[in-house]
Amino acid sequence: MRIALVGYGKMGRLIEELAPGCGIEVTGRFDIGQPLVAGDYSVAIDFTMPDAVVDNVRRAANLGIHLVVGTTGWAEDLETVRGIVDFAGIGLVYGANFSIGVNLFFRAVRDAAKLLATRPEYDPFLWEMHHRHKKDAPSGTALVLQSILRDAYGRNVEASSTRGGEVPGIHTVGFDSEADSITLTHTARSRKGFALGALVAAKWIEGRTGLHSFEEVLWEVPH
């Protein structure tokens, strides 16, 4: 399988490094000032900037190229992207986080929140930290965790965000009472998990159409 990279920063280079181990060859590389063009690939992986996503999707749709969008911070444009994808008949996978571990963490938090929401003495909280280069805050992952807590508690739980250094990502969901605290934390040690997840999604979306979340991909792919 051959793919293109849209955004050739740290994530793009890591994806290229890991691609051969997944049976994938990178045959196109596009960065700032180098828009995606047709080539010897059927899928492109986008790790760029939130304000570039819609234009990148539109360009890929015009070329008939399937997409994996790892960029976060563009949730308000989701329905616009859906319309572009459906009209063009391409496939697109998006996700707040392409780490398999984070998606397992989502499930663990969902189960814990349902249980703890029955105990009024425990108050939920949410904190996340990323490297200083990350533009969106709260992170896309934190927004998913917010949604999980909102579903369990019927109210919004504010997310606290910290940006600094080179931290790949830490997300903590806690439940605090006068007697004790219960916390669940996911800590990314590197960007490798995100890159491998994006490659899994690229193989999955080839030949499919429509808009799909990475969670859908994860639970369909054999483990």
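Let's start in the sheet: L126 stands opposite V173 in strand β8. V173 has a partner in β9 too, and that bridge partner is L184.

Before going on, a word on the model. It is predicted, so local features need pLDDT of at least 70 and side-chain atom pairs count only at pLDDT 80 or more, while totals for chains, interfaces and linings use all residues. Residues are numbered from 1 along each chain as its sequence is written, and side-chain values use heavy atoms, with hydrogens and water left out. Helices (H or I, at least four residues) and strands (E, at least two) are DSSP runs, numbered from the N terminus.

Back to β8, residues 169-176. Strand β6, residues 123-130, pairs with β8 in the antiparallel sense over seven bridges. Strands count as paired if DSSP finds at least two bridges between them. β8 also pairs with β9, residues 181-188, again antiparallel, over eight bridges. A hairpin of four residues joins β8 to β9. How many residues of β8 are buried? Seven of its eight. Buried means under 20% relative accessible area, exposed over 50%, and partly exposed in between, with a 1.4 Å probe and protein chains only.

Next, two helices. The axes of α2 (residues 53-63) and α3 (residues 78-88) come within 9 Å and cross at roughly 5 degrees. Therefore α2 is roughly parallel to α3. Axes are lines fitted to C-alpha atoms, for helices over the stretch in contact, and angles run from 0 to 180 degrees between N-to-C directions. Under 35 degrees counts as roughly parallel, over 145 as roughly antiparallel, 65 to 115 as roughly perpendicular, and the rest as oblique. From α2, the contact uses V54, V57, R58 and A61; from α3, T80, V81, I84, V85 and A88. Contact means heavy atoms within 4.5 Å.

Last, salt bridges. The whole structure has 11 of them. The rule is a side-chain nitrogen of Lys or Arg within 4 Å of a carboxyl oxygen of Asp or Glu. One joins R2 and D40, at 3.2 Å from N to O. R2 is in strand β1, D40 is in the loop between β2 and β3, and they are 38 residues apart. R2 is partly exposed, at 39%. D40 is partly exposed as well, at 48%.

Another pair is D123 and R155, at 2.9 Å, N to O. D123 lies in β6 and R155 in the loop between α5 and β7, so this pair ties together parts 32 residues apart in sequence. Finally, salt bridges that share partners join R2, E25 and D40 into one network.
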